[in-house]
Amino acid sequence: MSLQMITVSNNMALIQPGFSLMNFDGQVFFFGQKGWPKRSCPTGVFHFDVKHNHLKLKPAVFSKDSCYLPPLRYPATCIFRSSLESEKHQYIIHGGKTPNNELSDKIYVMSIVGKNNKKVTFRCTEKDLVGDVPEARYGHSIDVVYSRGKSMGVLFGGRSYIPSAQRTTEKWNSVADCLPHVFLVDFEFGCSTSYILPELQDGLSFHVSIARNDTIYILGGHSLANNIRPANLYRIKVDLPLGSPAVTCAVLPGGISVSSAILTQTNNDEFVIVGGYQLENQKRMVCNIVSFEDNKIEIREMETPDWTPDIKHSKIWFGSNMGNGTVFLGIPGDNKQATSEGFYFYMLKCAEDDVNEDQKTLTNSQTSTEDPGDSTPFEDSEEFCFSAEACSFDGDDEFDTYNEDDEEDESETGYWITCCPTCDVDINTWVPFYSTELNKPAMIYCSHGDGHWVHAQCMDLEERTLIHLSEGSNKYYCNEHVKIARALQTPKRVLPLKKPPLKSLHKKGSGKILTPAKKSFLRRLFD
């Protein structure tokens, strides 16, 4: 396992706990940003482009027949194929929180309708449900099972706001566990049916779910009512005959106590569980391998990554599954400083180095903890679960995204660069200069021309100036371009129009004084 730090060149403030990732043919897309989408990206969906440990978020577009997709945080997502043999897939999105902290009960279907080397066009449609409709929730899971040539969605767990009759001003945002019901959802006809299974006694949230053919495995989770993380391992089997579906549940030994973990798939029969929590405000630093053989599941611990001191000491962490055994992790920065760079990001590779770099960096996932701005540093009610399907592993990247015109000068996008003729920042000798710096030098973006990054220390910026420039969208010009920028912004000087004095308004050579009527006429003319 290898752990590498990731730098983000733009839109870093959008990556907050609660976002989700979708993978289409090796390309990862981000949605669930903090706040409502802006004019620069009305869809709120971005291409999650990682090259050479450098991340760029590029806006994506929707087709004209798409519905509006709000920036949902903490939804449940899964891959949906018409059959196990189908190569094309869609994403199902259910529930989640809106920027107004309202919970959604809607189902959205995301698919790609067009793509080229420059952009990808999505179609987003809303699916109406009838029958036993699941209530609005978050912290749940949704998966797809396949049986007898048919498919069905399986929804379980989560948390919802307490009933409106019990909500008061002080407890308006209080949440409770959803009932431990299992919902079967027919995505084709929009029918939903609820099932009560005696083995499921608690409405577990933030659990790990794995789908394999006609079976769903539920691992861990947290019960808000009991405030425990039992070492659960449930097997939910769904049979889809011509008549009514048959749903059964069995309790298996060998479970683990974990919540808000990230699940990534390394091959067709093996998954890796990363992160999560074992107690309130106590991260779970152990990683587990989940392997399947002859319909038997085995969970065992694996060698842990070489966690950095920043990750070890942080109280919270969150992340997403990038696919092919790669996990995207985030930790909070220095909470004592009001900087725009509130998080630091890492990429953890769990898979073996037997595939090329393009195949290894990319699928779908969600995140773990609530936005620190909305809650305490960590609360169980703000955890989130991760799910994946065994059929979601796709080692072949059929879409070649390389384009020579898209290549950029990476020497001017990283932190370890020569930003100016007097730059003396050295990766081998660098030490923190500002109190806001953690493990990389502070940088500021010069807005001249196409823009470029410079080290704040090399520009002789005071820390309060650096923080002020980082808080908003203020334009900044480095020492080399500030004079040029000022010249461009300063309007050309225009000499004022001179007015001749009235005493000179007489006929030349005549020596005669102008009459009052002529003086009045000339005064109006020059004024």
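Two strands pair if DSSP finds at least two bridges between them, and strands here are DSSP runs of E with at least two residues, numbered from the N terminus. Welcome to a predicted model, in which local features need pLDDT of at least 70, side-chain atom pairs count only at pLDDT 80 or more, and totals for chains, interfaces and linings use all residues. Residues are numbered from 1 along each chain as its sequence is written, and side-chain values use heavy atoms, leaving out hydrogens and water.

**View 1. Strand β22 pairs with β21 and with β25.**
Look for β22 at residues 270-274. On one side, β21 (residues 262-267) pairs with β22 in the antiparallel sense over 5 bridges, and I262 stands opposite V274. A hairpin of 2 residues joins β21 to β22. The pairing of β22 with β25 (residues 287-293) is also antiparallel, over 4 bridges; here V272 faces I289. Of the 5 residues in β22, 4 are buried, where buried means under 20% relative accessible area, calculated with a 1.4 Å probe and protein chains only.

For C287, the nearest cysteine sulfur belongs to C350 and lies 6.2 Å away. C287 counts as buried because its relative accessible area is 0%. C41 is buried too, at 3% relative accessibility.

**View 2. The binding site annotated by UniProt.**
An unreviewed UniProt entry places a "binding site" at C419, C423, H455 and C458. Spread over 40 residues of sequence, these positions cluster in space, with a largest C-alpha distance of 8.0 Å. Such annotations may be inferred rather than shown by experiment. C423 sits in the loop between β30 (386-389) and β31 (443-446), while H455 belongs to strand β32 (residues 452-455). Leaving aside residues up to four places away in sequence, C423 touches I417, T418, H455 and C458; a contact means heavy atoms within 4.5 Å. Both residues count as buried because the relative accessible area is 18% for C423 and 0% for H455.

**View 3. Stretches where confidence is under 50.**
The predictor's confidence in each residue, from 0 to 100, is its pLDDT. Over the chain the mean is 79, and 78% of residues reach 70 or more. Under 50 throughout are residues 336-340, with 9 contacts beyond four places in sequence, and residues 354-413, with 216 such contacts.

Definitions and conventions
Buried < 20%, exposed > 50% of the residue type's maximum accessible area, 1.4 Å probe, protein only. Disulfide = S-S within 2.5 Å.
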